[in-house]
Amino acid sequence: MSATPVIASSLARPARPDRPLFVVGLLLVLVIVFAGFAPTFYLKGLFGSPPLSNLLLAHGLVMSTWIALLVMQTALVELGRTDLHRRLGVAGVGVAVLLVVIGAAAALGAAQRGFSPAPQVTPLMFLAIPLVDLLVFSILVGTAIAKRRKSATHKRLMLLATVSIWTPAVARLPIDTLKQVGMPAFFGVTIACVLLVVAIDTIRHRRLHPAFGWGAALVIAAVPARIALAQSDAWVSIAGRLVALIS
């Protein structure tokens with residue numbers, strides 16, 4: 001009788017490592033963010049781009065620090081240094097807070113300057129896009145921190161959180177087709193990459209991880225939600241008040 005559990009255990013399918021998932025995810029993040037912001041930030045000296053304000057420089061530095069932390073944290077886990085991973089995670093919380101605060105300030109500053117990516121979209125309408133981005137990022141990161149003791153959930157939410165805020169990088173990719181289509185294409189690339197990462201993970205593990213299930217649903221549902229919000233009169237009124245606060 002005692003041999004039965006042993007036999008069942010030996011026949012059980014071993015857990016598949018998550019390394020391929022995060023290699024693909026991190027490569028996507030690094031390539032798209034660097035390619036999108038190389039002309040205006042990372043390699044701006046080579047492109048002769050105009051100087052950036054201190055706020056935008058800070059925004060770029062904090063975003064870059066967040067991505068560097070994501071890479072370092074993943075590497076530490078792979079090396080078995082979970083002790084350093086936990087210590088660095090405390091700094092990561094601070095970087096996440098800075099990213100949201102500085103990102104919101106940069107979005108409000110852009111609206112104040114009258115920035116809009118399309119003539120039919122007013123600056124106050126467009127302000128809904130980055131602010132909802134930051135809200136989704138905050139929800140995903142906050143839940144990931146709360147679930148930090150559940151490694152599989154924690155790391156999936158951290159990856160999704162990072163992908164959820166890279167649409168501005170997608171919008172700056174030097175691809176004419178994307179630029180001609182505009183915002184639907186930018187959001188489409190983000191959604192496609194989210195679905196790709198989730199599909200790879202689901203196929204490898206033969207099940208949809210709950211964190212990827214609701215997290216991906218949140219990222220995708222936020223796209224039409226922010227567009228509907230941006231077109232509402234109530235939002236335009238609220239956005240006008242927010243911009244007035246920094247004027």
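Modeller: Happy to. One term to begin with: a residue is buried under 20% relative accessible area, exposed over 50%, and partly exposed in between (1.4 Å probe, protein chains only). This is a predicted model, so local features need pLDDT of at least 70, side-chain atom pairs count only at pLDDT 80 or more, and totals for chains, interfaces and linings use all residues. Residues are numbered from 1 along each chain as its sequence is written, and side-chain values use heavy atoms, with hydrogens and water left out.

Biologist: Thanks! Is Thr-153 buried or exposed?

Modeller: Thr-153 counts as buried, because its relative accessibility is 17%. Thr-153 sits in helix H8 (residues 151–164); helices here are DSSP runs (H or I, at least four residues; strands are E, at least two), numbered from the N terminus.

Biologist: What is Thr-153 in contact with, beyond its neighbours within four places in sequence?

Modeller: Lys-147, His-209 and Ala-211. Contact means heavy atoms within 4.5 Å.

Biologist: And how many of the 14 residues of H8 are buried?

Modeller: 11 of the 14, so H8 is largely enclosed by the rest of the structure. Among them are His-154, Arg-156 and Leu-157.

Biologist: How many salt bridges does a search of the whole structure find?

Modeller: 3. Another one joins Arg-226 and Asp-133 (2.3 Å, N to O). That pair links distant parts of the chain, 93 residues apart, with Arg-226 in helix H12 (residues 210–230) and Asp-133 in helix H7. Arg-226 is buried at 4% relative accessibility, and Asp-133 is buried at 6%.

Biologist: And the one with Asp-83?

Modeller: Asp-83 meets Arg-81 at 3.0 Å, N to O. Asp-83 counts as partly exposed at 27% relative accessibility, and Arg-81 is partly exposed at 37%.

Biologist: Back to H11. How far apart are its end C-alpha atoms?

Modeller: 33 Å, which agrees with the 33 Å that 23 residues (183–205) should span at 1.5 Å a residue. The expected span is 1.5 Å times one less than the number of residues. Just after H11, Arg-206 takes a positive phi of about 60°.

Biologist: Zooming out, how many helices and strands does the protein chain have?

Modeller: 13 helices and 0 strands. The C-alpha trace spans about 75 × 35 × 35 Å along its principal axes. Of the 247 residues, 37% count as buried.

Biologist: Where is confidence lowest, and where is it highest?

Modeller: Mean confidence is lowest in helix H1 (residues 3–11), at 38, and highest in helix H7 (residues 128–146), at 96. Over residues 1–14 the pLDDT is below 50, and beyond near neighbours in sequence this stretch has 3 contacts in the model. pLDDT is the predictor's confidence in each residue, from 0 to 100. Where pLDDT is low, the predicted coordinates should not be read in detail.

Biologist: What about the chain as a whole?

Modeller: The mean pLDDT of the protein chain is 87, and 92% of its residues reach 70 or more.

Definitions and conventions: Salt bridge = Lys/Arg side-chain N within 4 Å of Asp/Glu carboxyl O.
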